Each structure stands twice: as C-alpha cells, then as structure tokens.
Amino acid sequence: MTVTPAVVEEEEAPKKGLSFKLPLEETEMGLIAGIIAAVIVIFTGLPAVIKGVGLLLALLWGCDSVRKTSKYGLGTGVPSIGVLGTGYGVVGALMGLAVAEYGRVGQLYPAVLVGVIVMGAIGLVSGVFSNGEKFIAMKIPRLERAMMELGMAGTLAMLLEISILTGSLSFAAVVDNVMNTGLIALMFIFNCFAMLHPYNACLGPDERRERTRMVSVEISGLICVLMGLALIGLGTSPYGILDGVSLIVFGVIVWVVFFRMFIKACMDECYATVGTGMIKTIE
Amino acid sequence: MEPVMILIVGYVVIGGLLASLGAHLLPVGGAPAAMGTATGIATGTVQIMLGAVLTGLFTAASVATFTDSLLLVSLSGALGATVMICVVMFMANVLYAFGCGVVPVSGRVEVDPITKEPQAPYKTPQTDGHGVPNVVFVSGTMGGFIGGFGGALMYYALLNYAHFSAGTAAVVAFSIFVANAILAAYNIRGTIEGFHDPKFKRLPKALVSSLAVSLLCGIVVVLATIILGGAL
C-alpha cells in the first residue's frame with residue numbers, strides 16, 4: 001500500500017516588494033506631513049506644484065490614520081471614517097478661512113492654522129466619545145489620536161486645495177471660486193477617496209502599509225490633474241496658465257509612477273497571476 | 001452676542017440630534033445584505049444617509065430660493081429624503097424578490113409589530129432575514145423623514161441666520177450632518193433594522209456623543225459667522 005506523500009511546501013524566501021521609503025513610522029509620518037503641509041498652507045504665494053506636494057503629504061497622512069483605525073474593524077466599513085475626516089475638514093476649513101485675515105503679513109496667513117487646531121480638538125472630543133466606555137464604546141486602541149489626526153489632515157488637505165484654486169485664502173474669493181462653482185463637491189468626494197479608498201481596496205490578511213500608501217499617492221496625483229484643469233478654467237493663478245499646466249504635468253507623472261509601482265508590487269507579491277481569458281458564452 | 005447666534009447653535013444641535021436619530025431608524029444591511037442574508041439595504045449607514053440627505057438638501061435648497069418659511073424648507077428637505085429612501089427600499093425589495101428569489105422578512109422579530117404577519121416561517125435558516133419587510137419599510141421612511149428634516153434645518157439656519165451663500169451653507173450643513181451620522185453608525189455597529197431592533201436601545205449613547213460634537217461644530221460656525229461679520 002502506497003502512502004500518498006504529504007504535499008511538500010516549497011519554502012520560498014518572502015518576496016520583497018517594491019518599497020516606497022517615505023517617513024516610515026506612523027508618528028514620524030504624521031509629524032513630517034503635518035508640519036510640511038502646514039507651512040505650505042501658510043505661504044499662499046507658492047506655485048501650485050509645491051501646494052500639490054503638500055496636498056499629497058496631507059492626504060497620505062489621512063490615509064495612514066484611516067488605516068491605523070480600520071485595522072481593528074469599525075463594523076461600518078472603512079468609508080465611514082474617511083468621510084468623517086473630510087466632513088471635519090470642511091468645518092475646519094471654514095474656521096480657518098474665517099480667521100485667516102488676522103495677523104496677515106503680505107501673502108502669509110499664519111492664523112489659518114487655528115482652523116486646523118480647532119478641528120484637532122473636535123476630532124479628539126469625538127474620539128473620546130466614540131471610545132469611551134460610557135458612550136459608544138468602540139474599544140479601538142488610540143482612536144482618539146486617529147480621529148484628531150483625521151480632522152487635522154482633512155482640514156489641511158481642504159485648505160491646500162482651496163489655496164491652489166483661489167491663490168489666496170480670502171473668504172470672498174473662496175465663496176466665488178470654490179463654493180458657488182460647485183468645485184467643493186468634487187474636492188469633497190476626491191478627498192474622501194484619497195483617504196478611504198487605499199485601505200478599503202487593499203485590506204485583507206496580506207495588506208502591507210507601503211503598498212497601501214502607493215494607492216493614496218496615486219489618487220492624489222489624479223486630484224492634482226483635476227485641480228490643474230480647474231485652475232486653468234478659473235484663471236485665478238498669479239503665475240498665469242503655466243501654473244495649472246505644471247500642476248497637471250506633476251499630477252500625471254505622480255499618477256503614472258505610482259500606478260505602475262502599485263501594479264508591479266501586487267504582481268510581485270501575489271502567489272501567482274493567471275489570466276482567465278474572455279468570458280465564455282453558453283452554447 | 002446676538003440672540004440669532006444662539007439660534008444657529010440651537011438649530012445645528014437639533015439637526016445633529018435628528019441626524020443621529022434618523023440613522024438609527026434606517027434599514028442598514030451592510031455586507032451581509034449584499035448576499036441576501038440580512039434585512040435591509042446592502043450598504044453602510046453612511047452611504048444610505050448621505051444619499052437621502054443630499055436629495056433632501058437639493059429639494060430644501062430649491063424651496064429656499066422662493067420662501068423664508070422655516071417649516072416649509074425643513075419639510076421639503078424631509079420629503080426629498082423620504083422619497084429617496086423609499087425608492088431605494090422599494091428597488092431593494094424588487095431585486096431581492098425577483099433577482100435572488102427571497103421574500104422580505106425580518107430576522108429580529110417573530111411577528112411583524114405593525115401588520116402582525118408571521119416572520120419566522122419565511123426566514124431561510126442560518127440567515128438574519130432578507131429584503132425590506134413592512135415594519136422595516138415604515139421605520140426607514142421615518143428615518144429618512146427625520147434625517148432629511150435635520151439636514152434641511154441646519155441648511156436653513158446657515159442660510160438665513162448666518163447669511164452664508166447657498167453653496168457654502170449646503171456644504172457645511174452636509175459636513176456636520178455626516179459627522180453626526182457616522183457617530184450614529186459606530187453606535188449601530190454594522191446592521192440595524194429599525195425601531196423594533198434590540199440595538200435601537202443604544203440610541204441615548206449616540207445622542208450624547210452627537211450633542212457634544214454638533215454643539216462644538218455649531219460654536220465653530222457661529223465664531224466664523226461673527227468674525228466674518230455676517231456678510232457672507
């Protein structure tokens with residue numbers, strides 16, 4: 001009697017995926033992204049491409065916070081927390097824009113960061129209520145901090161987009177160019193996507209942080225393209241049409257590079273890739 | 001500080017509380033409902049509430065262009081949201097009945113509390129109900145009405161008391177609404193059928209959280225209004 005040999009597991013060295021070495025640790029990421037984005041928000045006279053880099057960092061930070069929280073299972077799906085961050089972002093942007101005129105030096109608006117800080121506080125309060133034993137009791141470790149970070153990242157991203165589109169942070173210009181043109185709806189939904197989609201799409205047992213973050217950067221590239229088109233349409237940039245065009249070129253480059261990197265990382269790290277062929281029709 | 005500013009905070013808080021209450025009344029099925037193994041609409045609380053309240057804000061904004069009546073604007077928002085949620089629930093039922101071949105049945109109660117129809121014999125074993133049965137439909141209609149009313153109330157306060165432009169008022173009202181609806185969604189944890197669901201008893205916890213967050217958001221809006229001088 002022959003005994004079927006047990007299947008010998010081939011011991012393969014874990015495949016090294018493409019790595020994407022931005023600040024690796026989560027706290028470092030938050031600090032660096034937050035500080036750079038905050039500095040870029042204050043200087044409104046910068047060209048749109050640099051604001052685009054700030055936007056990319058802010059959204060990456062938001063995506064990281066979403067990932068950190070959603071790992072524990074929210075019960076309502078990943079999208080809810082991304083939408084929460086963007087909702088807070090709009091309220092924070094309103095507060096920031098309202099106080100922006102105070103302490104203004106030429107093209108510098110340091111007071112706009114009040115909105116970011118206020119939103120951090122509201123995020124912290126909502127985190128305490130969501131995690132508190134006597135209230136919603138979600139029991140997710142460090143949810144308070146994650147919600148605070150989400151509020152701040154959402155506000156920074158929203159303010160950076162507004163700054164790209166209007167070239168200033170004056171409330172009247174924002175109402176004319178962003179709110180009444182309806183661009184705010186586009187910004188709202190795309191900010192949501194940049195924060196919630198990466199983890200929502202990549203989650204699972206084999207999720208890897210660096211791979212997930214590639215998706216966020218890629219979506220930010222698409223946002224940059226859209227912002228560039230809107231900027232050309234609005235014609236509000238002090239640098240003329242070149243500003244919008246350079247933002248579009250930057251966005252396309254970011255998108256192509258990171259989309260290729262993500263697909264390559266997926267192909268490298270999966271067990272096998274097989275084609276299913278065309279769908280067969282029943283005869 | 002003018003009394004109008006207190007009115008803004010008051011309406012934002014009421015709107016937030018109504019958002020939280022409305023979210024608890026909706027038939028949320030989540031991922032299990034997508035496979036036909038739970039009662040409700042096959043997506044999360046946030047998406048259902050967003051769809052309903054956006055429609056509500058559209059109708060409220062249209063009505064607000066030719067009237068200053070608080071009740072009329074709020075009720076039109078409520079009706080818009082109700083119509084939206086009813087259409088979604090009806091289409092979900094059509095798809096479940098004719099697409100999946102399951103009957104709408106509640107998984108949480110033995111007998112329908114409103115029509116007294118038996119539920120248990122029609123339920124597929126090992127599942128948690130299917131589709132949108134009568135009691136759930138009624139509860140969802142109420143949820144859409146209450147949520148839409150809350151959203152339109154916030155929109156009215158921001159438009160007429162804080163003197164924001166229509167676009168700004170809609171986006172800010174929507175954002176505050178979303179924050180409250182999501183806190184309610186965390187309280188629900190996945191799926192809920194409506195007012196007859198045991199999870200509905202957790203409502204006060206969400207209302208307290210909602211009160212705190214919408215109060216803070218209301219204060220932020222009022223501060224912004226005062227600083228901007230009510231001109232925008």
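Leaving aside its neighbours within four places in sequence, which residues is Ala58(A) in contact with?

Modeller: This is a predicted model, in which local features need pLDDT of at least 70 and side-chain atom pairs count only at pLDDT 80 or more, while totals for chains, interfaces and linings use all residues. Residues are numbered from 1 along each chain as its sequence is written, and chains are lettered from A and ligands numbered from 1 in the order in which they are written.

With neighbours within four places in sequence set aside, Ala58(A) is in contact with Ala33(A), Ala37(A), Ala153(A), Leu156(A), Ala157(A) and Leu160(A). Contact here means that the C-beta atoms of two residues, placed from the backbone, lie within 7 Å.

Ala58(A) also belongs to the largest nonpolar core, which has 170 residues. A nonpolar core is a set of buried Ala, Val, Leu, Ile, Met, Phe, Trp, Tyr and Cys residues joined through C-beta atoms within 7 Å. A residue is buried if 20 or more other C-beta atoms lie within 10 Å of its own, exposed if 12 or fewer, and partly exposed in between, with C-beta atoms placed from the backbone. The residues with the most contacts inside this core are Ala58(A), Tyr155(B), Leu158(B), Val172(B) and Ala173(B). The element that gives the most to the core is α6(B), with 17 residues.

Now for the chain around Ala58(A). Chain A has 9 helices and 0 strands; these are DSSP runs, helices being H or I of at least four residues and strands E of at least two, numbered from the N terminus. Of its 283 residues, 51% count as buried. Among contacts in chain A between residues at least 6 apart in sequence, 72% join residues at least 24 apart. Along the principal axes, the C-alpha atoms of chain A fill a box of roughly 90 × 50 × 45 Å.

Helix α2 of chain A covers residues 48-70, and its axis comes within 8 Å of that of helix α9 (residues 241-269), crossing at roughly 40°. Such axes are lines fitted to C-alpha atoms, for helices over the stretch in contact, and angles run from 0 to 180 degrees between N-to-C directions. That makes α2(A) oblique to α9(A); angles under 35 degrees count as roughly parallel, over 145 as roughly antiparallel, 65 to 115 as roughly perpendicular and the rest as oblique. On the α2(A) side the contact is made by Ala48(A), Val49(A) and Gly52(A), and on the α9(A) side by Asp243(A), Gly244(A), Ser246(A), Leu247(A), Phe250(A) and Gly251(A).

Across in chain B, the axes of α6(B) and α7(B) come within 9 Å and cross at roughly 160°. These two helices are therefore roughly antiparallel to each other. Their contact includes Val172(B) and Ile176(B) of α6(B) together with Val213(B) and Cys217(B) of α7(B).

The two chains also touch each other, with 33 residues taken from chain B and 32 residues from chain A. On the chain B side, α3 (45-64), α6 (166-188) and α7 (203-228) each supply at least two residues. The residues of that side divide into 22 nonpolar, 9 polar and 2 charged, where Ala, Val, Leu, Ile, Met, Phe, Trp, Tyr, Cys and Pro count as nonpolar, Asp, Glu, Lys and Arg as charged, and the others, Gly among them, as polar.
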